[in-house]
Amino acid sequence: MTWRRSATGVMGVAAMAVMSLALGACSLAKSSEKPDGLALEIVAGGGTDAVAKTAADAKLTGYMRDLEVGRDGVVRLLTSENNRASIWVFQPGGAARRIQVDPSITTATQLAVADDGTMYVSHPVKRAGLVSKVDAAGKTTLIVGNGSLGFTADGGVATGPASRITGISVDRQGRLVYGELRFFDTANQNIGLVRRVEANGRVTTIAGRSVTLPEDDYSIGIVRSVNPPAGTMALDWSLPGMFQLRSLTTGDDGTIYFESDRGVLAVVPDGTIRAAARRRDRSSALVADRPFTREGDAADADPMFQEDAGITEDAGYVTLPVQYGRVDSPHSVPPAYRWTGQFSAGAQRIVDAAAKGAEGDELQNLLRIVRPDGSLTTAAWAVEGGAIRAGKLYVVISSGYRGEAVIGRFDLPK
């Protein structure tokens with residue numbers, strides 16, 4: 001079955017022997033290997049206890065907002081349910097703890113964790129953005145914004161007025177980095193900025209320009225924004241569009257990656273900006289029938305991101321949680337993408353429900369990866385986001401809308 005983004009119109013064909021597909025073909029890219037599934041280890045979930053002390057006993061329910069895996073191997077999952085945010089913390093040894101965030105925060109959208117374990121969540125108040133630090137007891141301290149819609153100029157205190165904030169991260173120096181989408185009413189334009197809270201609590205912009213574009217250039221600028229020329233300084237590059245900056249992550253070398261509109265951009269430590277994934281044209285690389293098949297390169301990604309899942313980066317690999325639309329008959333998860341392993345009864349039920357729920361869906365949730373060599377591949381099917389760390393891929397598998405979930409992991413091929 002041929003797959004493409006539901007919104008892209010005519011689809012291009014990746015010039016790869018392994019793909020060997022033409023536009024409108026009725027099968028996925030074929031390989032000579034026999035499909036055998038992906039061996040999955042369950043990290044957490046499938047249990048019956050909503051406040052479990054062990055990962056295997058944990059019952060994970062609600063909206064799965066964001067998954068973060070620290071450099072220390074600790075797995076954290078941000079969830080939202082019944083107007084309450086929670087952060088599940090799973091230690092490498094299997095211990096679990098559910099932190100219920102201060103009840104004043106009814107909806108949290110993104111989670112960021114510093115190397116020392118300090119946690120932050122972004123949470124909106126109407127159109128205004130806020131970011132709070134969360135301690136081990138769930139108590140919060142406001143770090144960005146004050147609930148008033150507005151804009152704080154560079155050098156101002158971070159707890160001043162703010163516009164829409166969603167994506168957040170923490171750099172290697174422990175400084176909070178966030179994306180702020182500023183709306184200019186008179187021009188009807190959304191312009192994104194990547195900003196940082198310095199040690200003195202003041203704001204510095206590190207990417208984007210806080211100015212509107214000429215009216216005729218705005219829509220063109222959205223498409224152009226995912227492909228900055230080599231050597232472009234991040235502060236000289238405009239980030240127009242309302243789907244900017246929904247997720248941020250920090251690489252080992254200090255590079256800040258963020259979702260753009262139809263791509264991923266990276267601000268490197270020297271202050272320049274480059275594309276990590278983008279759309280080359282009005283098409284995207286076809287999805288192969290086996291995971292980890294080379295499907296194109298980073299310029300063929302054209303990602304339509306899942307709303308409640310973030311990008312991650314580790315050792316040059318960038319994860320892209322995306323949605324794809326089917327173009328022909330109802331579809332089931334290809335055999336090579338199905339999970340295999342020894343699961344508890346509860347985990348098996350959730351894994352089976354996720355596969356069944358994907359059948360016939362017009363939009364499928366996939367996890368694609370840009371590899372260090374710039375190639376594009378698909379790693380997992382029917383997952384609600386994922387993360388990469390130390391040679392392993394972590395995925396969130398859900399039984400359905402606001403259903404139960406498990407966190408699993410599997411080895412990244414060498």
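Colleague: In what sense do β9 and strand β10 pair, and over how many bridges?

Modeller: This is a predicted model. Two strands count as paired if at least two bridges are found between them. Here β9 and β10, the latter covering residues 119-125, pair in the antiparallel sense over 4 bridges. Within this pair, Gln110 stands opposite Ser122 of β10.

Colleague: What is the order of the strands in the open sheet?

Modeller: The order is β9-β10-β11-β12, an open sheet of 4 strands with antiparallel pairing. Its edge strands are β9 (110-113) and β12 (140-144), each of which pairs on one side only. From one strand to the next, the twist averages 35 degrees.

Colleague: Which residues touch the most other members of the largest nonpolar core?

Modeller: A core of this kind joins buried nonpolar residues through side-chain atoms within 4.5 Å. The largest has 24 residues, and those touching the most other members are Tyr257, Val264, Leu320, Val333, Val370 and Trp381. Elements that each supply at least two residues include β19 (263-267), α2 (345-358) and β26 (375-381). The most is given by β23, with 4 residues.

Colleague: With which residues is Val333 in contact, leaving aside its neighbours within four places in sequence?

Modeller: Val333 is in contact with Arg338, Ala355, Ala358, Trp381 and Ala382.

Colleague: Which residues does the second, separate core include?

Modeller: That core has 22 residues, among them Leu38, Val383, Val395 and Val406.

Conventions
Residues numbered from 1 in each chain as written. Predicted model: local features only at pLDDT ≥ 70, side-chain atom pairs only at ≥ 80, totals over all residues. Heavy atoms only, no water. Axes fitted to C-alpha atoms, helices over the stretch in contact; angles between N-to-C directions. Buried < 20%, exposed > 50% of the residue type's maximum accessible area, 1.4 Å probe, protein only. Contact = heavy atoms within 4.5 Å.
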